[in-house]
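Welcome, and please load the model in your viewer. We will go from stop to stop, selecting a few pieces at a time and looking at what is there.

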Amino acid sequence: MCGIIGYIGTKPASPVLLEGLRRLEYRGYDSAGIAVLDHGALSIRKKLGKIDEGIAREVTANPVEGSVGIAHTRWATHGEPSDQNSHPHLDASGRIAVVHNGVIENYEQLRERLIRAGHEFASSTDTEVLAHLIGVHYERCVSDGTPDPLVRAVEGALREVIGTYGLAVLCTDAPGMMVGARRGSPLIIGIGDGENFLTSDANAVVAHTRQVVFLNDYDVVTLTADSFEVTNLGADTADVQISRLEFDEEDSQRGDFEHFMLKEIHEQPRTIENALRGRIDRDGATSILGGLNMTAAELRNIQRIVIAASGTSWHAALIGEYIIEGLAHIPVEVEFAHEFCYRMAPVRRDTLILVISQSGETADTLMALREAQRRGHKALAIVNVVGSTIAREADGGIYMHAGPEIGVASTKAFIGTLVCLVLLAIHLGRMRMLPAGRALEIFKALEALPAQIERLLERSDEIKRIALKYAEASDFFFLGRGYSYPTALEGALKLKEISYIHAEGYSAAEMKHGPIALIDEKTPTVFLVPADSMYDKTVGNLEMIRARKGPIIALATEGDEQIARVADDVLYLPRTLEELTPIVASVPLQLFAYHLAVARGCDVDKPRNLAKSVTVL
């Protein structure tokens with residue numbers, strides 16, 4: 001959550017920082033602020049609200065000068081959204097400014113200690129406590145004549161805190177320097193020509209440079225306009241690797257689309273192509289997944305898989321459970337990442353742990369990865385962001401190659417994850433009992449998906465018409481069976497996330513065990529009834545809803561004439577294999593949620609109370 005951007009160079013800092021904040025706003029948009037070193041003094045501007053409605057207007061009205069600055073866009077954790085709680089925060093002397101992502105768990109004890117020492121606080125945030133603590137260490141370092149006092153002060157303060165942080169620090173006494181540090185919250189150095197950047201997300205700097213360094217936990221970086229130096233609090237040396245970003249500025253722009261979410265829905269045919277590129281071996285009738293970093297013998301010895309994920313990734317994992325068990329005949333269990341960490345369920349030695357995270361920075365998923373490795377298990381990952389923490393710490397894995405996803409509600413990353421799970425299932429299945437002909441059949445169907453989804457996208461206006469019909473509804477059910485059950489869960493989540501309509505996803509068979517009591521003429525049900533092995537059972541469940549006069553929107557396979565006689569509205573899906581139905585069904589569900597949310601006047605790219613990546617526990 002939250003976003004950090006720092007700039008040190010020769011250009012005016014404010015325009016760079018504001019543009020960076022706009023690119024980071026999907027990570028948090030309760031409030032925002034900037035601090036710029038201006039002729040030896042700190043100029044602070046911060047404001048409640050979204051970037052263009054708040055901080056950008058404030059800076060326009062009260063400009064700041066200087067070529068060194070830090071900025072932050074906030075998703076509130078400690079303290080309600082307000083001007084006072086916005087970052088940056090100052091130390092007691094007003095010489096040091098701090099922006100911070102993460103949570104300082106022992107901030108109350110530190111705050112009480114500082115209050116006893118005479119400190120006064122202007123906010124209710126943990127970050128202001130951290131700023132004051134850095135200030136205390138700084139005064140001590142200056143008094144003792146310690147070299148590089150700002151760097152040593154940051155290090156000293158961080159040794160006292162418990163929790164997570166990604167932070168950037170400025171001091172009026174060191175106008176040509178910026179200090180950053182990370183533990184559990186992403187932080188990236190952007191390497192420019194006569195200028196350098198510090199950010200929590202590469203989207204903020206890709207317009208300026210594609211050369212980056214992804215910092216590791218406990219790294220502390222000192223930036224000047226021409227250089228950077230990284231040390232590590234827990235090691236004698238730091239592991240510094242310069243990487244090149246896979247995407248460019250255009251990839252993170254909205255283009256001609258009204259919203260990023262709509263753009264990303266329309267990018268899904270390319271997402272599938274990118275996930276498949278170079279990964280199909282027709283001669284061996286298997287998938288090529290060299291990034292797994294496991295030998296064939298190790299893969300054959302897997303007797304069980306536990307998938308840990310959260311949110312949309314958890315829904316993808318549930319679909320993956322069906323796919324892997326069906327194609328590879330390996331038992332799969334899906335866990336919420338946070339439950340896996342704390343439940344301490346027994347896991348056999350021959351179990352593979354697989355974690356899924358679009359950002360590669362999801363805090364509880366990263367924690368699950370580390371817990372699996374602590375227990376001695378191989379831990380693989382499916383991620384989208386190359387160089388992310390999970391990507392670097394996993395024993396191996398699969399990149400989605402979906403490109404930047406800016407809309408808070410995940411769309412193309414969900415589809416990319418499903419394609420990767422199918423490829424993994426084929427890879428494991430071919431080592432067991434999956435026939436070559438069956439694998440080739442799936443490959444053929446996968447390669448047909450981009451064109452099929454393009455056809456679905458061309459019917460966006462038809463989906464919009466149906467969405468508008470139900471835009472005043474207060475409650476929705478999403479129902480399906482088999483592969484369509486977790487797809488229904490994802491459809492309900494999309495609607496909740498961006499339209500704020502209460503929606504529940506269920507197995508269609510579970511309705512008669514209680515939830516059917518909620519069905520009435522004002523409660524629409526979205527039924528997933530593709531022509532699959534569960535078709536007759538699902539139609540029977542649909543009839544139960546129809547008998548109670550519940551409006552029905554059906555997603556059915558092209559050519560199904562029966563469904564039109566029992567549903568109020570029908571969206572037809574292209575025919576594909578049962579294992580791939582969730583991919584084609586997800587697209588109209590995404591468009592349905594999108595059009596309904598727009599009709600209700602919701603901000604689909606930045607829904608209230610949500611941020612793109614959950615990097616705090």
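**Stop 1: two helices side by side**

Start by selecting helix 9 (residues 312–328) and helix 13 (residues 412–430), which pack at an angle of about 25° with their axes 9 Å apart. Helices here are DSSP runs of H or I with at least four residues, strands are runs of E with at least two, and both are numbered from the N terminus. Axes are lines fitted to C-alpha atoms, for helices over the stretch in contact, and angles run from 0 to 180 degrees between N-to-C directions. The angle makes helix 9 roughly parallel to helix 13; angles under 35 degrees count as roughly parallel, over 145 as roughly antiparallel, 65 to 115 as roughly perpendicular and the rest as oblique.

Before going on, a word about the model: it is predicted, local features need pLDDT of at least 70, side-chain atom pairs count only at pLDDT 80 or more, and totals for chains, interfaces and linings use all residues. Residues are numbered from 1 along each chain as its sequence is written, and side-chain values use heavy atoms, with hydrogens and water left out.

Now show side chains on both helices. On helix 9, the residues that meet helix 13 include His315, Ile319, Ile323 and Leu327. Their counterparts on helix 13 include Phe414, Leu418, Leu421 and Ala425. Contact means heavy atoms within 4.5 Å. Which classes of residue make up the contact of helix 9 with helix 13? There are 14 nonpolar, five polar and no charged residues. Ala, Val, Leu, Ile, Met, Phe, Trp, Tyr, Cys and Pro count as nonpolar, Asp, Glu, Lys and Arg as charged, and the others, Gly among them, as polar.

**Stop 2**

Next, select Thr411, in the loop between strand 21 (396–399) and helix 13. Is Thr411 buried or exposed? Thr411 counts as buried, at 0% relative accessibility; buried means under 20% relative accessible area, exposed over 50%, and partly exposed in between (1.4 Å probe, protein chains only). Leaving aside neighbours within four places in sequence, Thr411 is in contact with Met261, Glu264, Ile265, Gln268, Glu405 and Gln590.

**Stop 3: helix 7 and helix 14**

Select helix 7 (residues 268–276) and helix 14 (residues 436–457), whose axes come within 8 Å and cross at roughly 170°. Helix 7 is therefore roughly antiparallel to helix 14. Look for Pro269, Arg270, Ile272, Glu273 and Leu276 on helix 7, with Leu446, Leu449 and Ile453 among the residues facing them in the contact from helix 14. This contact has eight nonpolar, no polar and four charged residues.

**Stop 4**

Colour the open sheet of five strands in the order 23-22-24-25-26, where the pairing is parallel. Two strands pair if DSSP finds at least two bridges between them. Strand 23 (502–507) and strand 26 (569–573) stand at the edges, each with a single partner strand, so one side of each has no neighbour in the sheet. From one strand to the next, the twist averages 20°.

Zoom in on strand 24 (residues 525–529) and strand 25 (residues 552–557), joined by five bridges. Leu528 stands opposite Leu555 in strand 25.

Then bring back two helices. Helix 15 (residues 460–469) lies across strand 25 and strand 26, running at about 150° to strand 26. Helix 16 (residues 484–499) lies across strand 22 (475–480), strand 23 and strand 24, at about 175° to strand 23.

**Stop 4: an enclosed helix**

Finish at helix 5 (residues 149–158): eight of its 10 residues are buried, so helix 5 is largely enclosed by the rest of the structure. Leu150, Val154 and Leu158 are among the buried ones. To see what they and the other buried residues pack against, show strand 6 (96–101), helix 4 (126–144), strand 7 (165–171), strand 8 (178–183), strand 12 (219–223) and strand 13 (228–232).
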